[in-house]
Amino acid sequence: MSVLTRDEAQTRAQFLDVHRYTIDLDLTGGEETFDSRTVIRFTTATAGDTFVELKPATLRSISLDGQPLDPADLTENRFPLTALTTGAHELRIEAAMRYSRTGEGMHRFTDPTDGETYVYTQLFMEDVQRVFAAFDQPDLKSVFELTVTAPDGWTVLGNGIAEHRADGRWTLAATPPISTYLVAVAAGPWHSVTTEHAGLPFGIHCRRSLAPYLDTDADEILDITRACFDRFHEKFDEPYPFDSYDQAFVPEFNAGAMENPGLVTFRDEFIYRSAVTDTERQTRGMVIAHEMAHMWFGDLVTLAWWDDIWLNESFAEYMGYQTLAEATRFPDTWVDFGVARKGWGYDADQRPSTHPVAPDPAAVPDTASAMLNFDGISYAKGASALRQLVAWLGEKDFLAGINTHFARHKFANATLADFIDNLASATDRDVHAWADAWLRTTGVDTLTPHVEESDGTWSLTVDHDGSRPHRIAVGAYDHDPDTHSGPDRLVLRDRFEIDIPHNGTAKALPGRRPALVVLNDGDLSYAKVRLDPTSWETAVRHLSGIPDALTRAVIWNTARDMVRDGELTPTVYLEAARAHLPHETDLALAQGVLAFAGIHITDHYLTPEHRPAALATLTALCRDVIRRTEDGHNPGLRLIAVRHLIDAATQPDTIHDWLTNGTVPGGPELDPELRWRILTRLAVLGATDETTIAAELEDDPSATGQQGAARCRAALPTPEAKAAAWHALFNDDSLSNYLFTATAQGFWQPEQADLVRDYVPRYYPEATRLAARRGPAIAEAAGRYAFPAHAIDAESLHLGEQALNDKDLIPALRRKLIDQIDDLRRALAVRNAH
């Protein structure tokens, strides 16, 4: 397949304007293909040549201005249009297109629960070509009119209001000018909950088998939707730019969600079949807010080329967290960002694959390279940079600049230069210099305090390892003099802001030195921070006694960074978690710390001989939390502890009893998620078998049940189970994206290193062939989930480094392998440091 280059896109954008697509899709032709008829009306500025993109199963006919062209002229995904004259043209294309099982293009899914079938589009980057012919680049915006023929009993959703005609066809209202990648269709026998807000139709939709779960949460989902919608209208001068707002929760979705105008698609795991914590509900709310922010930043105003993808994602990430905190019952969203999302950014920014938030245009020469930038830098680091910008500019000037940006570029495209110029128009500060320092650089700055005390005063000096200016808060904490509040409690003495120039800063303050000094208190900047020795001792002893969860998040992140950098023994982190998590009240913090302890420390940073003791520590920690929550006062924390106790179990007896009895003593009762989690761990430990897995699947034949069974079967510690799972992963191309991921998650287990040792060298050549055969979505899954991450030794590192020399690696797999191999290198370094 030919990927579109930036130079080609710029040339084509200067050559033609696209005015209208009229698209007719027929979804009634069977399980393999659907019919796609497209009429494109466009004008050319001069005489010349260009091309249109499509990826058909069969190209039946194509004509230009009424003259037939030869379908055989299609080369890969491009059809040449030659000798075009200046002026108006009409291009007609009829083709059969393939349904997808990988979440790309038009994905088709049959629900194993009830046999109902659903299809939906995911057209991001260049997958519109799998559904209809297009001049496929973001700066050739157009009006889209779609008609869809669907089976009886189906409902069709799209970017505009849908009308069901008497002949069984659905007509979608014409869109305003939007980019090709934002066109959306979702069709099937949806269960829908509809309402109206601010004069617009709102709807939420899911497959029928999830109807009871959507109905349970419909009020919460719609309340958040309405609250964010209203809050955005308070922030933005431009009104919501589309005619309706539908949110469809669709199966086997590759991303968290997609910001299609008027029809946001979400992964339907956000329709909860099992118990979840309030933090997970908060995450769903953040994604709702994130995608809604895209309606303005991304859909109304769209990037001109993919080097500015951060403009879409960083803005929506920042606005998602901030607006959810302001407008809903979730005021502490930035704690979750600090402990979960920010670590994603820090990790990505310390790998060989790091890149600036706003990369140089030369670094994104084509669509294949652009796909690699959907990472923790474009999301978490970019959002952190914007949060720092707001702290520096003030929200009033920031929003003034944003509203200027919307007014100048609505229904058009804009670049980074446009964005910075519009921000600069609202302030006297040098936004261009800020952008150079924050958006054009890579890596993480480190801030280290030095605290001294003399003659009734204390002084703070900050060493700054890095180049960016920072505006941060410093928190000074003392031991609580009120002994009734507990011996471990700390109280805030003072919080003050300082600007960190390139060469550090110094500040003298009255009084004795505090027991704890925290840089970046409030987490408003993006930097690794360290503690002075006295503060570190206080934190280790009294972390759970710090009153503010965001401050605790900053300190936990400090400990996390120190472990990753080889400065803190992993077992010290575990001991701190053992001491303080039973007293933690913030669910996001508890989940974040346990996830790092369970995944990174026990599975990667500790050697196999030290792993059992670490799992025992985690088990004891979780048991302590379960005991402390027996009165039912914090069911979310209890659920987190139950999940992690299951994952850390080294003996099957306790969790086997839970599965047999259908409940954890004192609760919760086991729902499908917990049952499959227990069964997976029992499979790893060799304490279950195929008969038990099949019986569980019979009780839960849902899509998630199918995934749970695939995960369990791959986790069984027998040569036959491993061989079958390996064959499914690398030879069964009918495996859907979700079943591929579930199988891969089960295959590699630290307890089974000897059993799967011979598969480690097989991984690289077979993953390379698989990625080339099945494309970027499966390549990404193969690199993320099927990678032998637990084979941490010099030989495995050498194999990985050699594999990167393979010229046949497609970009999506190469990027994942670069990151995974760097994580392997870091794990070895951490082990060697201790």
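## Close-up views of a predicted model

**View 1. Strand β27 sends buried side chains to both sides.** From β27 (residues 516-519), L516 and V518 point one way, V517 and L519 point the other way, and all are buried. Buried means under 20% relative accessible area, exposed over 50%, and partly exposed in between (1.4 Å probe, protein chains only). Strands (E, at least two residues) and helices (H or I, at least four) are DSSP runs, numbered from the N terminus. In a regular strand the side chains alternate between the two faces of the sheet. Strand β24 (residues 470-479) runs antiparallel to β27, and four bridges join them. Two strands pair if DSSP finds at least two bridges between them.

Residues are numbered from 1 along each chain as its sequence is written, and side-chain values use heavy atoms, with hydrogens and water left out.

**View 2. D523 has a positive phi.** D523 lies in the loop between β27 and β28 (528-529). Its phi is about 60°, although D523 is not a glycine. Most residues other than glycine have a negative phi, and most peptide bonds are trans. D523 counts as buried because its relative accessibility is 5%.

**View 3. M125 also has a positive phi.** The loop between β9 (117-122) and β10 (143-149) holds M125. Phi of M125 is near 65°. With a relative accessible area of 2%, M125 is buried.

**View 4. The largest nonpolar core has 274 residues.** A nonpolar core is a set of buried Ala, Val, Leu, Ile, Met, Phe, Trp, Tyr and Cys residues joined through side-chain atoms within 4.5 Å. F398 and L439 have the most contacts inside this core. Helix α14 (residues 587-605) gives the largest share of the core, 10 residues. What does L439 touch, leaving aside its neighbours within four places in sequence? The contacts of L439 are W310, P356, V357, A358, A385, L416, I420 and W434. Contact means heavy atoms within 4.5 Å.

**View 5. Five strands form an open sheet.** The order is β15-β16-β17-β19-β18, and the pairing is mixed. β15 (191-197) and β18 (257-258) stand at the edges with a single partner strand each, so one side of each has no neighbour in the sheet. Helix α2 (residues 211-235) packs on the sheet and touches β15, β16 and β17. The direction of α2 makes about 25° with that of β15. Axes are lines fitted to C-alpha atoms, for helices over the stretch in contact, and angles run from 0 to 180 degrees between N-to-C directions. Strands β16 (residues 200-206) and β17 (residues 245-250) run parallel, joined by four bridges. I204 stands opposite Q247 in β17.

**View 6. M292 is buried in helix α3.** Helix α3 spans residues 278-294. The relative accessible area of M292 is 0%. Beyond its neighbours within four places in sequence, M292 is in contact with T225, C228, F229, F232 and Y245.

**View 7. Helices α17 and α18 pack against each other.** α17 covers residues 653-661 and α18 residues 672-684. Their axes are 10 Å apart, at an angle of about 140°. The two helices are therefore oblique to each other. Angles under 35 degrees count as roughly parallel, over 145 as roughly antiparallel, 65 to 115 as roughly perpendicular and the rest as oblique. From α17, I655, H656, W658 and L659 make the contact. From α18 come R675, I678, L679, R681 and L682. The loop between α17 and α18 holds P668. A cis peptide bond joins G667 and P668, with omega about 5°.

**View 8. G545 sits in a loop between two helices.** The helices are α11 (533-542) and α12 (549-564). G545 counts as buried at 9% relative accessibility. Its C-alpha lies 9.4 Å from that of D480, which is 65 residues apart from G545 in sequence. Leaving aside neighbours within four places in sequence, G545 is in contact with D488, R489 and L490.

Definitions and conventions
Predicted model: local features only at pLDDT ≥ 70, side-chain atom pairs only at ≥ 80, totals over all residues.
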